[in-house]
Amino acid sequence: MTSKAATIQGAILDLTPVKTKCYTKSMASPNQDHALVDRCLAGDARAFDELINCYKRQVFALIFRLVRNQTDAEDIAQETFIKAYRNLSSYDPTHPFITWLFKIAHNSAIDFLRARKPESLSIHDEENPLDIEDTQLSLEEKIEASSQQELIEQVLGTLPPLYREILVLRHQQELSYEEIAESLDIPVGTVKIRLFRARDIKQKLIKLGYS
C-alpha cells in the first residue's frame, strides 16, 4: 500500500485556517469508518481519500494545538495520514478509528517537538498544581481581539502543549477519558489529573472577559 502514500500530500492541503473552528466532530459513523477501511484494504483508492476528508480538520486541529505553527502542523498532518495508510492493516476495528488516528498524530507531533523544542514537553510534576503564566489583557487588547474564539486561542497559547492537547481532546473533540487515554497512550488516571490541572484555564478565561 505504498503507491497511494505518494498522493496523500496533495489530498490534505485544503485545511481550515487556524483561526476558524476546525475541530468539529466528524460526520462519519463507526460503521462508515469500518466500511471505508475495509474498502481501502481491498484496494479501493478512493476510500482513503474519504477517510482523509472526514478527519483531516480534526487531526490538523489537534496537531496545531501542540506545535502552534500552521505550516508545521500541515506537514505533520500529512505525515500522520501517510503513516495511517501504510499501517492500516494494523487498525483494530473494535476501537474508534479517530482515536487510532489521534494516537498517530500525537506521536508524530511529539517526535517533532522532541527534535525541535524538547523544553516545551515539560509537564512538571503530575501530583502538584500547574503554575500557569498569568496573562492580563488591557481594554485595548480585549477590543482588538474581535471574537471569543481569539480570546480562547490566546489563553490556550499560554499552556504547555500537552495540556492544550488534552483540553482539545476532551472539550472540543468530545472524547471520553478512556478514548483520550488510548489516543495518548497514558493511564486514565493521568488523563484526569492533567484535565484537572489544565482546567485552570477557566480562571484565565474569566480574566479575559470570556464566560
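A contact is counted where heavy atoms lie within 4.5 Å. In this predicted model, local features need pLDDT of at least 70 and side-chain atom pairs count only at pLDDT 80 or more, while totals for chains, interfaces and linings use all residues. Residues are numbered from 1 along each chain as its sequence is written, and side-chain values use heavy atoms, with hydrogens and water left out.

Of the contacts in the protein with a separation of 6 or more, 74% are between residues 24 or more positions apart. The protein has eleven helices and zero strands; both are DSSP runs numbered from the N terminus, helices being H or I with at least four residues and strands E with at least two. Along the sequence the pattern reads α-α-α-α-α-α-α-α-α-α-α.

Among the 211 residues of the protein, 48% are buried. Buried stands for under 20% relative accessible area, exposed for over 50%, and partly exposed for what falls in between, with a 1.4 Å probe and protein chains only. The accessible surface of the protein is about 10900 Å², and carbon and sulfur atoms hold 51% of this surface. Such areas come from the Shrake-Rupley method with a 1.4 Å probe; for residues, only the protein chains shown count as cover.

The aromatic rings come next. A pair of aromatic rings is described by the distance of the centres and the angle of the planes. Rings of Phe, Tyr and Trp (its six-membered ring) pair if their centres lie within 6.5 Å; planes under 30 degrees apart count as stacked, over 60 as edge-to-face and the rest as tilted. The structure contains seven aromatic pairs. One of them joins F48 and Y85 edge-to-face, at 5.0 Å centre to centre with 75° between the planes. Because F48 lies in helix α3 (residues 45-67) and Y85 in helix α4 (residues 70-86), this pair ties together parts that are 37 residues apart in sequence. F48 counts as buried at 1% relative accessibility, and Y85 is buried at 8%.

Y91 and F97 form another edge-to-face pair, with 5.2 Å centre to centre and 85° between the planes. Y91 and F97 are both buried. Together with Y55 and W100, they form one aromatic cluster.

Two arginines complete the tour. R170 lies over the face of Y177, 4.4 Å from the ring centre; a charge sits over a ring if NZ of Lys or CZ of Arg is within 6 Å of the ring centre and within 35 degrees of the ring normal. R194 belongs to helix α10 (residues 188-198) and is buried, with a relative accessible area of 10%.
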